[in-house]
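Try each task before reading its solution.

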Amino acid sequence: EEAVVDDGDYLLKEEVDAYTDVARSWVRKVTKTVVSNVLLEQNFILEVREPFKGSLFKKGLTQSEVDARVLKLGVRLKGLVNSLRENTTTKEMPEPLISFMRRLVAHKQKYPEGWLKEGEREHLHIAENSNQAGEITTKDAKYLLTSFVWTRIIVLEQILYPWKNQIGPQVAPGKQQQGNLKIISQMLYRGVCAALSPDGSPDKMFDTEVLNEIGKLPGDELYLYKQAQEIQDWMKDNIREVIDMQFDICFPQGKPGIGEALNVGAQPELDAANQTRADGEASRVRTARQGSKPGTAASRIPSDGQRSPGRIQDRTLSEGRSRPGTQAQIPTQRSRLGTGASQQSPAKQPPGTGSRPGTNRPADLSRNGDRGEQVPASRAGKVPASRAGSVGSNARPGSVPGAATAAKQSPEKKLPAVQE
């Protein structure tokens, strides 16, 4: 599709209906909040007329009340336009819808019988007994795309008849709510027509068929337009900006003329940058999740507190740095001590004479060994006096416990029996 000539084929009614449903789903995210608020808010009135004094049977209307109603109307119209602007990106717009919108405004396109409105036929210069367009310029393409998204779906469906388009309660609202919806629809349509008009005048772009479908507004319509002039000027500029954004998404290199190749490979830079950042963030999150899942390589690596002393020793020696109390300092201390006990490997020493359980310190180091202090060799292996007394009366200080008992039981030193 990116390399074909921008020529139309023939749009079937089934195709148009299917892609219209796709567009409805996309736009519904924009209109649902505002329209639901209008339907559910109690005592919400947008009807405007000139202030008048009340009577016994009719409540009056002050200028402050008129200003408050116009302000509420402006808030909801701006909310609709700004929300549609936020959703007009290549990330938010469905790709099938973008492709369909390109076909919709292709040169020499044929449309289903009776699908085009009267105003659309006039702008496309389609003959009375024909459904095929000729050359569609950029101006005509923007008009038809805007009519498809803004007029047909937003104005005439989701705002004017929300209960028929899965917005709010699925029953027709009261007369007051329907009047509010008519006012919002008419004001939004005026903003769309003003945005499409070269001089900003909406009257030149009105479609009589659309105006008749909206119908008569409650209150004084002309007085409403006069009081809401500021919001109309705002809508004209901002809706025009959103229309240009939608067109640029469909034709990032501009709409080609008849017989020219359709190039849609390039995308707006802002959308590309946003997509790159989104992809990077998604990759980072996936990596973090994989590292925290049980059974993965990252989760099987024990922490420093869980690793065995041998692993800590290997890592310490490989990093080329020593820690207090680790085996990185032991070779230096052993070379200075020079005792037989300290030269033995801790793994080969008998129980009770080697390193203390759970440590890498040799037997000739006291508890102060963690601070690098040494114990003299003369003190190594001596038994405290408190323990010497427990060996027996014939035991000497410094002897090994149990040696006297073993000597008594030795057969070599047994005395012969005395004969009487």
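**Exercise 1. Is L97 buried or exposed, and which residues does L97 touch?**

Step 1. L97 has 0% relative accessibility and therefore counts as buried (buried means under 20% relative accessible area, exposed over 50%, partly exposed in between, with a 1.4 Å probe and protein chains only).

Step 2. Before going on, a word on the source: this is a predicted model, where local features need pLDDT of at least 70, side-chain atom pairs count only at pLDDT 80 or more, and totals for chains, interfaces and linings use all residues. Residues are numbered from 1 along each chain as its sequence is written, and side-chain values use heavy atoms, with hydrogens and water left out.

Step 3. Setting aside neighbours within four places in sequence, L97 is in contact with Y19, V22, A23, W26 and F148 (contact means heavy atoms within 4.5 Å). Y19 is 78 residues away from L97 along the chain, yet their C-alpha atoms are separated by 6.3 Å.

**Exercise 2. How many residues of α3 are buried, and what do they pack against?**

Step 1. Eight of the 10 residues of α3 are buried, so the helix is mostly covered.

Step 2. Besides L97, the buried set includes I98, F100 and R103.

Step 3. These buried residues of α3 pack against α1, α5 (138-159) and α9 (229-250).

**Exercise 3. Describe how α1 and α3 pack.**

Step 1. Helix α1 (residues 13-40) meets helix α3 (residues 95-104) at an angle of about 130°, and their axes are 10 Å apart (axes are lines fitted to C-alpha atoms over the stretch in contact, and angles run from 0 to 180 degrees between N-to-C directions).

Step 2. The two helices are therefore oblique to each other (angles under 35 degrees count as roughly parallel, over 145 as roughly antiparallel, 65 to 115 as roughly perpendicular and the rest as oblique).

Step 3. On the α1 side, the contact is made by E15, V16, Y19, V22, A23 and W26; α3 brings P96, L97, F100 and R103.

**Exercise 4. Which polar partners does the side chain of E120 have?**

Step 1. E120 belongs to helix α4 (residues 118-124), and its 1% relative accessibility makes it buried.

Step 2. The E120 side chain reaches the backbone nitrogen of K117 at 2.9 Å.

Step 3. The side chain of R152 is in polar contact with that of E120 (2.9 Å); a polar contact is a pair of N or O atoms within 3.5 Å, and within protein one must be able to donate a hydrogen and the other to accept it, with residues adjacent in sequence counting only if both atoms are side-chain atoms.

How values were computed:
Helices (H or I, at least four residues) and strands (E, at least two) are DSSP runs, numbered from the N terminus.
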